Amino acid sequence: IYNFVKDNHFIMHQTIENIDWYKNEKLGPTHLEYDACLNTLVYTKNLLQLFGINAFYALVNVNEQPVDLIEELPSLQGNQMMLYVPLPNDEIWLDCAAYEWPFNFLSQSKAQRKVMIVTKHGGELVFTPTYTSEDNVQSTSIQLEIDQNGEFKEASLKRTSKLIAFEKRRLLNQENQLAEDYAKQFEGIANLQIQNLQITSDSAEAKKEEQLNFSGKLNKNSNDSMVFSLSKFGSPFQLPQETKTRVTPFAIAKGFTFEDEIKLHLPTSLKLELPFKKIKRESQFGLYEVEIDTLDTELIINRKFVLNSGEFLKGDYIEFVKFMQRLKKDENLEFSLMMN
């Protein structure tokens, strides 16, 4: 039923009779539109009832950060509706705000908060699902072959984004959008060129795959050694704002996992200048690990960053900032490739 509605919503928007017209203030007081999303929601609920499936409207406060409905006045706070389907040992949430959303998936603007279920006996406050760092995963695999001058002979990338990571990248569906995004991530690579972009989205699994080839060059030092850092291949985080006068607790609303593997194929004339010691940083806020294996003419670099969601005391904020600053230094640590 959900897929039927999703696949045919444009037809339904044109034929459904109970249209809720409203004024679009941005386009002027005489420009009328109708709330297509709301009518699709009503249509879906009626279809479910036709097949004996109970569904209830759910009032939610849509916001990028989790915002609960206050119990005393829940009906005055919500700004969007969705459907809640109770099951004997489970529950289903149906969202029509974006039709690329998979079945039973809520975007980060609706997940992890109190919403009001509208039943025939009145309103009931329940929590929407929470997606953890184990659920929200972005995995990247890079194959890179360079010559003795640092030029990329062959370079390819494959990236898989799931759930909230999928949501963040779902709008990057045009080749020029993705090319611009990767150019920003890999801005430390000289003469970068992005080619052969391919995009595959699996809405049923809330998963997106991106594949591409790229060219570029590693910069040389004055002693002819070549240097690179992990940050040249995209950083998984941004530094939080530093302050010593925080007066309120803070929360990390969306946890996620970022992991990548970089296989660097070297000519026989190049080698890693110094042995690499494994990096592992761990705290209540997350985990950061980097490991490099050397196999003849190949370096295999594995990097993993896990950000934990949760609520923290105001006194923990300085520790959080210091933890992220330490990881940023690790990201910018330079490795040298020297001639044999």
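Reader: What does the side chain of E210 make a polar contact with?
Author: The side chain of Y182, at 2.5 Å. A polar contact is a pair of N or O atoms within 3.5 Å; within protein, one must be able to donate a hydrogen and the other to accept it, and residues adjacent in sequence count only if both atoms are side-chain atoms. This is a predicted model, where local features need pLDDT of at least 70, side-chain atom pairs count only at pLDDT 80 or more, and totals for chains, interfaces and linings use all residues. Residues are numbered from 1 along each chain as its sequence is written, and side-chain values use heavy atoms, with hydrogens and water left out.

Reader: E210, buried or exposed?
Author: Buried, because its relative accessibility is 0%. Buried means under 20% relative accessible area, exposed over 50%, partly exposed in between (1.4 Å probe, protein chains only). E210 sits in strand β11, residues 207–217. Strands (E, at least two residues) and helices (H or I, at least four) are DSSP runs, numbered from the N terminus.

Reader: Salt bridges next. How many in the whole structure?
Author: Nine. Each is a side-chain nitrogen of Lys or Arg within 4 Å of a carboxyl oxygen of Asp or Glu.

Reader: Which residue does E331 form a salt bridge with?
Author: R303, with the closest N and O atoms 2.7 Å apart. That pair links distant parts of the chain: E331 is in helix α6 and R303 in strand β18 (residues 298–307), 28 residues apart. E331 is buried at 0% relative accessibility, and R303 is buried at 2%.

Reader: What network are R303 and E331 linked in?
Author: A network of salt bridges that also takes in D260.

Reader: And D330, what does it bridge to?
Author: R281, with the closest N and O atoms 2.9 Å apart. D330 lies in helix α6 and R281 in strand β16, so the pair ties together parts 49 residues apart in sequence.

Reader: Now the largest nonpolar core. Which residues touch the most other members?
Author: L144, I146, F214 and L337, out of 47 residues. Helix α6 (residues 317–331) gives the most to this core, with six residues. A nonpolar core is a set of buried Ala, Val, Leu, Ile, Met, Phe, Trp, Tyr and Cys residues joined through side-chain atoms within 4.5 Å.

Reader: What does a second, separate core include?
Author: That core has 24 residues, among them L41, V85, I117 and Y131.
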